[in-house]
Number of protein chains: 2
Amino acid sequence: MALIVQKFGGTSVANPERIRNVAKRVAKKYDQGDKMVVILSAMAGVTDSLLRLAGEMAETPDRREVDVLLATGEQTTAALLAITLKSMNYPAVSLLGFQAEVVTDCNYSNARIIDIGAHRIRELLDQQNIVVIAGFQGCDAQGNITTLGRGGSDTSAVAIAAALKADMCEIYTDVDGVYTADPNVCRKARKLDKISCEEMLEMASLGAKVLHIRSVEFALKHNVLVYVRSSFSEEEGTMLVNGNHDMERPVVSGITYSKNEARITLKGVPDQPGIAAKIFNAAADANINVDMIIQNTLAGGKTDLTFTVPKTEFKRALEVERKVVEEIGADNVLGDEGIAKVSVTGIGMKSHSGVASKMFSALAVENINIMMISTSEIRISCIIEEKKAELAVRTLHTAFGLDKE
Amino acid sequence: MALIVQKFGGTSVANPERIRNVAKRVAKKYDQGDKMVVILSAMAGVTDSLLRLAGEMAETPDRREVDVLLATGEQTTAALLAITLKSMNYPAVSLLGFQAEVVTDCNYSNARIIDIGAHRIRELLDQQNIVVIAGFQGCDAQGNITTLGRGGSDTSAVAIAAALKADMCEIYTDVDGVYTADPNVCRKARKLDKISCEEMLEMASLGAKVLHIRSVEFALKHNVLVYVRSSFSEEEGTMLVNGNHDMERPVVSGITYSKNEARITLKGVPDQPGIAAKIFNAAADANINVDMIIQNTLAGGKTDLTFTVPKTEFKRALEVERKVVEEIGADNVLGDEGIAKVSVTGIGMKSHSGVASKMFSALAVENINIMMISTSEIRISCIIEEKKAELAVRTLHTAFGLDKE
């Protein structure tokens, strides 16, 4: 008898018919003798329409109250699934965040889980109940309702699995696993049977969108076995394993890309100590996240400084830096929204050399110019022209031997 | 500086525009220096559509889970009003039932309030906040979410007003007060400035529909000053006062009617001890509420027995009693759905005689036949032909001098 946590995303509970399918899936597992905890997202589209409603009431809706509003989405699906299971004669009980003792900090809209009491969950499990928990929500120490940010139900699921020391955390979603590249871009993409948490972290942050990034951090930290699979088929999915497990390590596991960044260049910056600090403090003060940075020292005591920011912050960042340019006596500031970031990720890179040069060569063959480069231990990213992003993904996918046979 | 509880019904918060109007009304009172607690219903229609959704998932949805589902309705409006007030720069905080410590029994869908902690409400009021509370909901001692039944937000408001010892509980609704009769039936109906809780209780149970009946019981028991008024106008409404206040007591305050009952007659019942018990035990066992009862003793040791039941239970009641008729050897059973109950209510009846005879005479003049009569200390009700209900209301309204001048 295993203890299984199953999480179903918004598309998996988007309507009564799909909720019935989830109920059947849960019931089947329960019939096999497993103890079941089910975490649900809101119905697809509900969170957005609630946010629109809040936006009708206020330009900048109060974050505490937005969380109270958004929490109704998962409350609804949790109640509906419990109603369905009960009508099928299964013992089911729904719990909201506060009832499941999901204690978070009080950073509304983006709260972090501090602790999970799980006392009530365990009690209900001991009484043979299927425990249905509203994902995405918790409460702070004062009992205020909080939410965990976009995709937060994944984190709810992994955190609850960790607290219960569950045997497995199954994440049911609308994709059937993690692929070597986006199948919409790269026809030859293959589903991975396994992926390490470290790789998943790099890939999630690069836009793989399969799992909420904080859930992967949780899985890594608490050693939770996470299994990503589709709620619309019976196909096998992708298992997330900790990197220190004894697994075969491919040099490169996947190719990802993102078009969510823009590039800003400050030309002719005086090459003096403290200047870079001024430039990036200005961005930080305006709450703008800077990602990659490169600096080219020119002749004559001047440098060019280039960095990337989220596309949504591009205009604000340009304004901020225009002021800085005046202040520090640089020549001017240029912006470019037409860029993409293409990355190769693989835990095998730790012990293999030559990945970077293989990447650059492959891109060169296709005449794709590299504007910026950044690397981590298990990832290499290049900024290229936006319109060549898909070509780059396919090229690299083939170059690193990831194509389907 | 007064402490005011305001409650707004579903039509008053039916859309963003109306929620903004509620916010303005609340803000105005707050600006006058009053401490404000606001109780909200769900948007009009939301509770019904949630119930339909539950009905799609199960024929008889689990009551605990239905309460979890329904509670989202008031959670939504509470958050939206708080968002609106905050955007107008008023300090507002929403509280759900469990946060406001509205403790109920665990009779899901129809829970009764046992206690209101009000600790958090007081604390927030002391910090000058406008406290916005989701009506209709509470939680039991184990922390399960409960709801108070249809119209329960009225009860939430009055109970919270009682717990806080508020100076006034204002109930904003889509009618502008309590009338001497339904203005749709009786053109000459007048709005009452005051009405006693006792009269209101009689009138609520007879279909006046202005206030949830349990809220009136609460007001009576805890001596809460309740003021019913329209959220769509600035007109004065109706004040609910306790009967033992020193008020001018009209003999009759209002005429009400109801078409929600049906009549069942058992003919030729053997006139023996224990027979009536059999008849009404059968109804009770089938969970059928019996209202009025009359018995006519006939010659030859037989009686006719007539009683009324809710129209919704009529068919079931007929079936049940058909079996009883066979069992006890009565002649047969007859049913009649074409009836109405017309009532005159007035606390002055306690000290005035002649009300009944005046009522019967007025109906006789219009050729309205009286089939059954029942009375309480402050009410007389007659069962008449359904199609004559409106005529009877107008006739009695004039006869008792209630017409507008």
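Which strands of chain A does helix α11 (residues 389-399) lie across? To find out, select α11(A), which lies across β13, β18 and β20 of chain A and runs at about 15 degrees to β18(A); axes here are lines fitted to C-alpha atoms, for helices over the stretch in contact, with angles from 0 to 180 degrees between N-to-C directions. Helices (H or I, at least four residues) and strands (E, at least two) are DSSP runs numbered from the N terminus.

This is a predicted model, in which local features need pLDDT of at least 70 and side-chain atom pairs count only at pLDDT 80 or more, while totals for chains, interfaces and linings use all residues. Residues are numbered from 1 along each chain as its sequence is written, and chains are lettered from A and ligands numbered from 1 in the order in which they are written.

Next, select the open sheet of chain A, whose four antiparallel strands follow the order β13-β18-β20-β19, strands being paired if DSSP finds at least two bridges between them. Between β13(A) and β18(A) (residues 339-345) there are five bridges, and Ile255(A) has Val344(A) as its bridge partner.

Conventions:
Two residues are in contact if their C-beta atoms, placed from the backbone, lie within 7 Å.
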